[in-house]
Amino acid sequence: MSQTTVVTAAPEPKLWAGGRSPYNVSYGKMMTWFFLLSDALTFGAFLISYGTTRFFSAVWPDANQVFKSFPFMGEHDMPLVFVSLMTFILIMSSVTMVLAVHAGHYGDKKNVAKWLLWTIIGGICFLACQAWEWTHLHGECGGLWGSFTDLSTSPVESFRHFFSEKSVKFVDAQPLVAMQSTHNFFNYFFTITGFHGGHVTSGVIFNILILVNTVNGVYQRRGHYEMVEKVGLYWHFVDLVWVFVFTCFYLL
Amino acid sequence: MSANHSNDTYQHLYEGDQSKLYSGIMSHHHDVKSPEAKAQVKRIWGIFWFLLVITVVEVIMGMKFSHLMPRGIANFIFLALTLVKAGYIVKVFMHLGDEFRGFITTVLIPLVLFVWFIIAFLADGAFWLRMNNESQARHNSAVQEVSHEQ
């Protein structure tokens with residue numbers, strides 16, 4: 001029998017018979033999703049324990065009172081404006097990330113690099129904003145974690161202004177309880193935004209590494225930009241967590 | 001004729017670099033200027049504007065109106081809008097909506113556990129508040145009942 005030059009394609013293995021991915025998704029991408037699930041449970045645990053603490057507190061600081069500063073605007077009262085800016089920056093960087101992934105689907109190296117660069121810039125801007133927020137609140141609390149532990153070192157006047165009009169009467173009547181709530185509030189705030197900021201930082205670092213790889217043509221040679229998709233998934237996860245953190249701390 | 005040769009097209013890809021199967025080589029994206037590509041970009045920007053509008057609505061509500069309506073209603077609206085945002089980010093930006101239905105299920109089912117998690121722990125928190133109030137009253141009848149002021 002003569003050899004032909006045509007390679008005969010064997011039929012693809014059946015869906016669940018082994019030897020193939022039944023979901024048509026590569027191992028790397030599937031495991032990225034599973035990692036994101038585990039991370040979602042971690043952040044979920046943090047946020048739910050925040051909710052539990054809030055539910056067993058008689059009184060709780062008011063977000064509109066705590067977060068009303070804006071860089072370079074002095075003592076102006078602009079509740080929630082700065083955090084809205086941060087949310088906008090992160091959503092923007094999410095969009096540029098999707099556009100990078102989209103360009104990757106078409107093997108468009110130049111645009112992948114361009115959109116990845118914008119994503120990185122967005123991430124760095126977000127981190128700068130968060131750093132400003134922390135520095136500013138550090139000034140207000142006299143520290144980060146572990147402040148407001150003793151009424152003698154932090155008298156009522158130092159945390160009274162964090163509470164809304166409705167709650168201030170209670171704060172004056174039971175300053176110890178209000179102090180404990182303030183202590184808990186800032187503990188949770190710095191922990192959760194700290195973990196989130198850590199994820200943003202690692203996301204920015206990953207994006208930089210993948211950008212370098214893209215520019216060097218690693219993915220062009222490989223034939224696909226799935227790595228960009230995978231870091232894209234991580235970046236969107238970071239954005240998702242922020243959406244929930246923003247809701248829990250600043251809105252609810 | 002090719003019975004003794006290992007398959008050159010699919011099999012070695014399954015055993016080796018699987019991402020080739022599902023990303024560049026086997027998918028049929030060719031022209032970044034095609035109408036489908038442009039439509040997808042338009043869709044992405046459309047979702048961006050949608051997310052932005054929802055966020056602005058949430059912030060304005062948080063700033064101005066949430067003190068004027070019952071706490072429960074305000075919280076429900078915030079949570080509903082947040083879940084809508086999250087849904088679109090996962091479906092469109094993370095492309096989960098484009099995956100096989102079985103995979104979508106695999107990812108979403110564990111998140112349903114959150115419903116139980118949230119209800120259980122918030123109920124616990126509320127119970128602890130009541131318990132702390134009532135224990136105090138039992139020991140000291142002069143203490144006024146601490147109401148849950150939020």
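Predicted model: local features only at pLDDT ≥ 70, side-chain atom pairs only at ≥ 80, totals over all residues.
## Helices of chain B

Chain B has 150 residues, of which buried residues make up 15%. If one takes the contacts in chain B between residues at least 6 apart in sequence, 37% of them join residues at least 24 apart.

Where α3(B) passes α4(B), the crossing is left-handed. On the side of α3(B), the contact is formed by B:R43, B:I47, B:F50, B:L51, B:I54, B:V57, B:E58 and B:M61, and these meet B:I77, B:F78, B:L81, B:V84, B:K85, B:Y88 and B:V92 in α4(B). Sorted by class, the contact of α3(B) with α4(B) has 12 nonpolar and 3 charged residues, with no polar ones.

Helix α3(B) can also be examined by itself. With 31 residues, α3(B) reaches 43 Å from its first C-alpha to its last, which is close to the 45 Å expected at 1.5 Å a residue. Its buried residues are B:I47, B:F48, B:L51, B:E58, B:V59 and B:G62. These buried residues of α3(B) pack against α4 of chain B, and also against α3 (81-105) and α8 (226-251) of chain A.

## Helix α8 of chain A and its partners

Helix α8(A) packs with α4(B) at an angle of about 175°, and the axes of the two are 10 Å apart. By the rule already used for angles over 145 degrees, α8(A) and α4(B) are therefore roughly antiparallel to each other. In this contact A:H236, A:D239, A:L240, A:V243, A:F244, A:T247 and A:L251 of α8(A) meet B:F78, B:L79, B:T82, B:K85, B:A86, B:I89 and B:F93 of α4(B). The residues of the contact of α8(A) with α4(B) divide into 9 nonpolar, 3 polar and 2 charged.

Within chain A, helix α1 (residues 27-55) and α8(A) pack at an angle of about 15°, with their axes 10 Å apart. Since angles under 35 degrees count as roughly parallel, α1(A) and α8(A) are therefore roughly parallel to each other, and their crossing is right-handed. The contact is made by A:G28, A:K29, A:T32, A:W33, A:L36, A:D39, A:F43, A:L47 and A:Y50 of α1(A), together with A:E226, A:E229, A:K230, A:L233, A:Y234, A:F237, A:V241, A:F244 and A:C248 of α8(A). By class, the contact of α1(A) with α8(A) has 11 nonpolar, 2 polar and 5 charged residues.

Helix α1(A) has 29 residues and spans 41 Å from its first C-alpha to its last, close to the 42 Å expected at 1.5 Å a residue. The residues buried in α1(A) are A:K29, A:T32, A:L36, A:L47, A:Y50 and A:R54, and what covers them includes α6 (175-215) and α8 of chain A.

| Helix pair | Angle between axes | Distance between axes |
|---|---|---|
| α8(A) and α4(B) | about 175° | 10 Å |
| α1(A) and α8(A) | about 15° | 10 Å |

## Single residues

Most residues other than glycine have a negative phi. A:N24 is not a glycine, yet it has a positive phi of about 55°; A:N24 lies in the segment before α1 of chain A. With 15 other C-beta atoms within 10 Å, A:N24 is partly exposed. B:H95, also not a glycine, has a positive phi of about 60°, and its place is in the loop between α4 and α5 (101-139) of chain B. B:H95 is partly exposed, with 18 other C-beta atoms within 10 Å.

A:L127 is placed in helix α4 (residues 109-141) of chain A, and with 17 C-beta neighbours inside 10 Å it counts as partly exposed. Apart from its neighbours within four places in sequence, A:L127 is in contact with A:G197, A:V200 and A:T201. A:L127 and A:S57 are 70 residues apart in sequence, and from C-alpha to C-alpha they are 31 Å apart in space.

Terms used
Residues numbered from 1 in each chain as written. Chains lettered and ligands numbered in written order. Left-handed = near helix turned anticlockwise from the far one by under 90°. Helix = DSSP H or I, 4+ residues; strand = E, 2+ residues; numbered from the N terminus. Contact = placed C-beta atoms within 7 Å. Nonpolar A, V, L, I, M, F, W, Y, C, P; charged D, E, K, R; others polar. Buried ≥ 20, exposed ≤ 12 C-beta atoms within 10 Å, placed from the backbone. Expected span 1.5 Å × (residues − 1). Axes fitted to C-alpha atoms, helices over the stretch in contact; angles between N-to-C directions. Parallel < 35°, antiparallel > 145°, perpendicular 65-115°, else oblique.
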